[in-house]
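Welcome! Here is a short tour for anyone who likes to see the overall picture before zooming in on one element. Have a look at the sequence and model below, and then read on.

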Amino acid sequence: MDNAGERTMIGAQFKPAAAAAFLGVPACEAAGLILDLTDLHGPGAADLRDELLYASSLPERFLILETWLLARIHSDLTPDAAVAHALAEFRRAPAGLSVGGTIERLNVSPKRFIEQFRREVGMTPKRFCRLMRFQKALRLIRQPENIHWADIAYACGYYDQAHFIKEFRAFSGLTPTEYRFTASMHPSHLPMF
């Protein structure tokens, strides 16, 4: 049987602030880049590719990838406690918290915290919170019920419906109504223009 035309893909999705420990570089240095594993981990990355290609099953591929990643954790790049705490707060209530309030509760220097957050997460805390609100909006828009745009804007922490639409378009290139009628099964997948 000729399977030369078959394509297989496997990937790993890291939680915010976790990628740096696996990549070996601060997240801010890798943000927005397409990196080849051989650039980060040398020839061992090619060996990983071969192992994955010759694995006999999908569960075996995931085990190989997980083992390979865990063997490369850089303990000196594990998340800072303040950043980890802030991430937990931001995830719990993306619409209800301010970055300034979180920094006050942590009792840390704002400048130092923002730089540490950017270093570990790859973006500022404000941008992270904006993305969390946007992700929540994507989930709410995909629900089959009738949409009340002002309610979604409020539920996601936007000042008003106009702010919601402007922010949505900034991240997706679409209005919420245009996005709602895209056919993607995956809420974070947006059409390319």
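Which pattern does the protein chain follow when read along the sequence? The answer is α-α-α-α-α-α-α-α-α-α-α-α. Please keep in mind that this is a predicted model. In terms of secondary structure, the chain has 12 helices and zero strands.

| Quantity for the protein chain | Value |
|---|---|
| Buried share of the 193 residues | 33% |
| Share joining residues at least 24 apart, among contacts between residues at least 6 apart in sequence | 57% |
| Accessible surface | about 12700 Å² |
| Share of that surface belonging to carbon and sulfur atoms | 56% |

Now let us zoom in on helix α8.

Which residues of α8 are buried? They are F113, Q116, F117, E120 and V121. Viewed down the axis of α8, these buried residues fall within an arc of 110°, so they line one face of the helix. The cover over them includes α2 (27–30), α6 (81–92), α7 (99–106) and α9 (125–141).

What happens just after α8? There, G122 adopts a positive phi of about 95°.

Note on methods
Residues numbered from 1 in each chain as written. Predicted model: local features only at pLDDT ≥ 70, side-chain atom pairs only at ≥ 80, totals over all residues. Heavy atoms only, no water. Buried < 20%, exposed > 50% of the residue type's maximum accessible area, 1.4 Å probe, protein only. Helix = DSSP H or I, 4+ residues; strand = E, 2+ residues; numbered from the N terminus. Arc of directions from axis to C-beta. Contact = heavy atoms within 4.5 Å. Areas by Shrake-Rupley, 256 points an atom, 1.4 Å probe, with all protein chains shown as cover.
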